[in-house]
Amino acid sequence: MGKSRGGLSTKIHAAVDALGNPVRLVLTPGQASEYGAAPALLEGFSPQAVLGDKGYDSTALRDMIQAAGAEPVIPPKKNRLARIEVDWHCYQDRNLVERFFQKIKKFRRLSTRYERLARNYQSLLCLVSAAIWLA
């Protein structure tokens, strides 16, 4: 659980398969950057492409994805000096992750973060994602 001026917060990072089913879930403090959790999300997988939003744009992460034999499909941030081409047709499939997050927001206990311990919150997140996957 991270502390910020707005209070306590937590970020959920999710990896989903081609059907939108959750494969791996990682929690980080709310003030932590997105690409810090990316190696934990990708560990043990051999994907063809890795899709992410602008928060995951870093040269180190792109190099790690390419070293794993996958194509990084991450749009560049506005402040990036070297322009990077993005396969926008493939990037459209990132909506599967967004749909997953919309589904878990329906569970009030998860979206309002009643659990104080990260272990309990992670457990509830796994239960909710399994319920979504089975539905």
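Guide: Let us start with burial: a residue is buried under 20% relative accessible area, exposed over 50%, and partly exposed in between, with a 1.4 Å probe and protein chains only. Helices (H or I, at least four residues) and strands (E, at least two) are DSSP runs, numbered from the N terminus. This is a predicted model, in which local features need pLDDT of at least 70 and side-chain atom pairs count only at pLDDT 80 or more, while totals for chains, interfaces and linings use all residues. Residues are numbered from 1 along each chain as its sequence is written, and side-chain values use heavy atoms, with hydrogens and water left out.

Visitor: How many helices and strands does the protein chain have, and which pattern do they follow along the sequence?

Guide: The protein chain has six helices and five strands. Along the sequence they run β-β-β-α-β-α-β-α-α-α-α. The radius of gyration, taken over C-alpha atoms, can be set against the globule rule, 2.2 Å times the number of residues to the power 0.38. Here the radius is 16 Å, close to the 14 Å that the rule gives for 135 residues, so the protein chain is as compact as a globular protein of that length. The C-alpha trace spans about 45 × 40 × 25 Å along its principal axes, and 33% of the 135 residues count as buried.

Visitor: Which residues of helix α2 are buried, and which are exposed on the other side?

Guide: In α2, residues 59-67, the buried ones are L61, R62 and I65. The arc used to judge a face is that of the directions from the helix axis to the C-beta atoms. Down the axis of α2, the buried residues fall within an arc of 100°, so they line one face of the helix. A60 and A67, on the other side of α2, are exposed. Contact means heavy atoms within 4.5 Å. The cover over the buried residues of α2 includes α1 (38-42), β4 (49-51) and β5 (71-73). After α2 comes G69, with a positive phi near 90°.

Visitor: Which residues of α4 are buried?

Guide: They are L96, V97, F100, F101 and I104. Around the axis they cover an arc of only 140°, which puts them on the same side of α4.

Visitor: At what angle do α4 and α6 pack?

Guide: Axes are lines fitted to C-alpha atoms, for helices over the stretch in contact, and angles run from 0 to 180 degrees between N-to-C directions. Helix α4 (residues 95-104) packs against helix α6 (residues 118-134) at about 110°, and their axes are 10 Å apart. That makes α4 roughly perpendicular to α6; angles under 35 degrees count as roughly parallel, over 145 as roughly antiparallel, 65 to 115 as roughly perpendicular and the rest as oblique. From α4, F100, K103 and I104 meet L125, V128, S129 and I132 of α6. By class, this contact has five nonpolar, one polar and one charged residues. Ala, Val, Leu, Ile, Met, Phe, Trp, Tyr, Cys and Pro count as nonpolar, Asp, Glu, Lys and Arg as charged, and the others, Gly among them, as polar.

Visitor: Is V73 buried or exposed, and what is in contact with V73 beyond its neighbours within four places in sequence?

Guide: V73 lies in strand β5 and is buried, at a relative accessible area of 0%. With those neighbours left aside, V73 is in contact with A49, V50, L51, G52, V86, D87, C90 and Y91.

Visitor: Where does Y35 lie?

Guide: Y35 is in the loop between β3 (22-29) and α1. Its relative accessibility is 37%, so Y35 counts as partly exposed. Apart from neighbours within four places in sequence, Y35 is in contact with G55, Y56, D57, S58 and L61. Y35 and D57 are 22 residues apart in sequence, with 7.3 Å between their C-alpha atoms.
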